[in-house]
Amino acid sequence: MAAPGENLRVNGDRLWDTIHAIAEIGPGVAGGSNRQTVTDEDAEARRLFQTWCEDAGLSMGVDQMGTMFMRREGTDPDALPVYVGSHLDTQPTGGRYDGVLGVLAGLEIVRTLNDLDIKTKHPIVVTNWTNEEGTRFAPAMMASGVFAGIFPKEEAYEKVDANGLKFGDELERIGWKGDEEVGARKMHAFLELHIEQGPILEAEGKDIGVVTHGQGLRWIECTITGKESHTGSTPMLMRKNAGRGLAQVTELVHEIAMDNAPNAVGAIGHIDVYPNSRNIIPGKVVFTVDFRSHELDTLQGMNERLMAEAPKLCEAIGVEFSAEIVGQFDPPAFDKKLVQSIRDAAERLGYSHMDIVSGAGHDACWINRVAPTAMVMCPCVDGLSHNEAEDISKEWSTAGAEVLFHAVVEAAEIVG
C-alpha cells in the first residue's frame with residue numbers, strides 16, 4: 001500500500017483548541033481534570049465529543065460497556081475498519097492530555113481527511129474506551145479488557161466504587177449503556193496515540209516514541225505475620241516485628257528490580273499495617289509488590305526470586321511470609337508492520353524518534369490480543385502524569401497526531 005505524502009499534515013491549532021475545550025468539562029482544582037468514569041462529567045464530555053464527531057460526518061455506535069465508536073465510511077463496504085483512539089476519563093487529579101490526546105487526535109485525522117476531501121478504502125473508527133483509568137472502578141482498561149475477552153462483562157458491571165455504587169448501574173444512569181455486543185466488532189488495525197507518562201523522550205530530545213512493546217506486570221500481594229506486642233515493654237530479642245520484615249522485603253524488591261534494570265522496574269506500593277498503633281509492634285503487614293518488564297522471562301524470574309528469598313529473610317527474624325499473585329498480564333509485543341509504519345511516518349515527516357517500551361498499561365495492550373495494534377507516544381514535561389500539573393507542548397501534540405495520521409491513513413489506504 002502506498003504511504004501518504006509528507007505534505008499531508010493535521011491542523012495542530014485546531015487539535016490544541018479541541019483538547020482545551022473538553023478540559024472545561026470536569027475541571028480539576030489546579031488546572032487539570034477530574035472527569036472520572038461514568039460520572040455526570042464523563043457523560044457531558046461524551047456528548048460534546050459526539051457532537052464534534054457528528055459535525056464531522058461520523059455515525060455513532062455504543063456497546064454495552066459504553067465504549068463509543070465513531071465511524072467514517074470507506075469506499076469498500078467489505079473492508080474491515082481501522083480503529084484509532086484512547087479514553088476521555090481521567091484520574092481524580094488528572095491532567096488534560098492523558099487519553100484525551102489520543103481520542104481527539106483521532107477526530108483531527110477525520111477532520112483533516114474531510115478538509116482535503118480524501119477517501120479511504122477502509123472505514124476509520126474513532127474510539128473512546130470506557131474506564132481506562134480504573135480509578136473509580138477497578139480494574140483499569142476495563143472496557144477494552146471486556147472487548148478482548150479478558151474480563152466477563154457481568155463481572156465488570158458488579159464492580160463497586162468507594163461509595164458502594166455499581167459500575168453497571170452508573171453506566172446506565174448517565175445514559176451511555178449501549179445495545180451493541182461487546183467485542184463483536186472486527187478490526188483491520190487499532191492505533192493509539194498517548195503521552196509517554198515518563199521522562200525518556202524529553203530527556204533524549206525526541207519528538208516521537210515508537211512503541212514496540214508494552215510492559216507485562218505481576219502484582220503480588222504479600223503478607224508478613226509476626227506478633228503484636230507492646231513497643232515499650234517487649235525486649236528487642238523477643239520481638240516478632242512484621243514491620244521489620246516489610247523493611248527487609250522492600251530492600252529485596254529494590255535489589256531485584258535493580259539487578260534487572262534497565263529492562264524492568266519494581267516497587268512496593270499499597271501497604272496495610274496491623275494494628276497500626278503508635279505503641280504496638282506490628283503483628284501483620286499486607287502489601288503489594290509491583291514488578292514490570294517487557295521481557296516475559298525477566299518478569300517471571302523476578303517473581304520467582306521474590307518467592308525464593310523473601311521467606312528466608314522473614315524466617316531469619318522470626319516472622320512468616322506468604323504471597324499470592326493478584327494481578328498479572330504478559331508483556332504485549334505490538335504488530336511489527338504497524339510499528340514500522342510509525343517509524344517510517346516519523347522519518348517522512350522529519351520528526352526525531354526512538355523505539356520505546358510503554359511503562360504504563362493502555363487500551364492498546366488489551367486490543368493487541370484481538371487485532372494488529374501499535375502505539376505512538378509524544379513527550380510530556382518532566383515525565384509527569386496522573387497529576388494536574390501534567391503538561392505537553394502544542395508542537396509535541398501536533399507531531400504525535402501527524403505521525404498517527406500517516407500510520408492510520410496508510411493502514412486505511414487512500415483511494416484515488
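1. Val38 is found in the loop that connects α1 with α2 (40–55), where helices (H or I, at least four residues) and strands (E, at least two) are DSSP runs numbered from the N terminus. Although Val38 is not a glycine, its phi is positive, at about 45°. Val38 counts as buried, with 0% relative accessibility; buried means under 20% relative accessible area, exposed over 50%, and partly exposed in between, with a 1.4 Å probe and protein chains only.

2. On the basis for these remarks: this is a predicted model, in which local features need pLDDT of at least 70 and side-chain atom pairs count only at pLDDT 80 or more, while totals for chains, interfaces and linings use all residues. Residues are numbered from 1 along each chain as its sequence is written, and side-chain values use heavy atoms, with hydrogens and water left out.

3. The ring of Tyr274 has Lys284 over its face, at 4.9 Å from the ring centre; a charge sits over a ring if NZ of Lys or CZ of Arg is within 6 Å of the ring centre and within 35 degrees of the ring normal.

4. An open sheet is formed by 4 strands in the order β10-β12-β8-β13, with antiparallel pairing, where two strands pair if DSSP finds at least two bridges between them. β10 (264–274) and β13 (320–329) are the edge strands, each pairing on one side only, and the twist from one strand to the next averages 20°. Strands β8 (residues 216–225) and β12 (residues 284–293) run antiparallel and are joined by 10 bridges; Glu221 has Thr288 in β12 as its bridge partner.

5. Two helices should be read together with this sheet. Helix α8 (residues 242–259) lies across β8, β10, β12 and β13 and runs at about 170° to β10; axes are lines fitted to C-alpha atoms, for helices over the stretch in contact, and angles run from 0 to 180 degrees between N-to-C directions. Helix α9 (residues 296–316) packs on the sheet and touches β8, β10, β12 and β13, its direction making about 5° with that of β8; contact means heavy atoms within 4.5 Å.

6. The structure holds 9 aromatic pairs, counted when ring centres of Phe, Tyr and Trp (its six-membered ring) lie within 6.5 Å, with planes under 30 degrees apart taken as stacked, over 60 as edge-to-face and the rest as tilted. The pair of Trp16 and Tyr97 is stacked, because the ring centres are 5.7 Å apart and the planes are at 20°. This pair links distant parts of the chain, 81 residues apart, with Trp16 in helix α1 (residues 12–22) and Tyr97 in the loop between β3 (82–86) and α3 (100–116). Trp16 is buried at a relative accessible area of 18%, and Tyr97 is buried at 4%. Elsewhere, ring pairs link Phe69, Tyr83, Trp129, Phe147 and Phe190 into a cluster.
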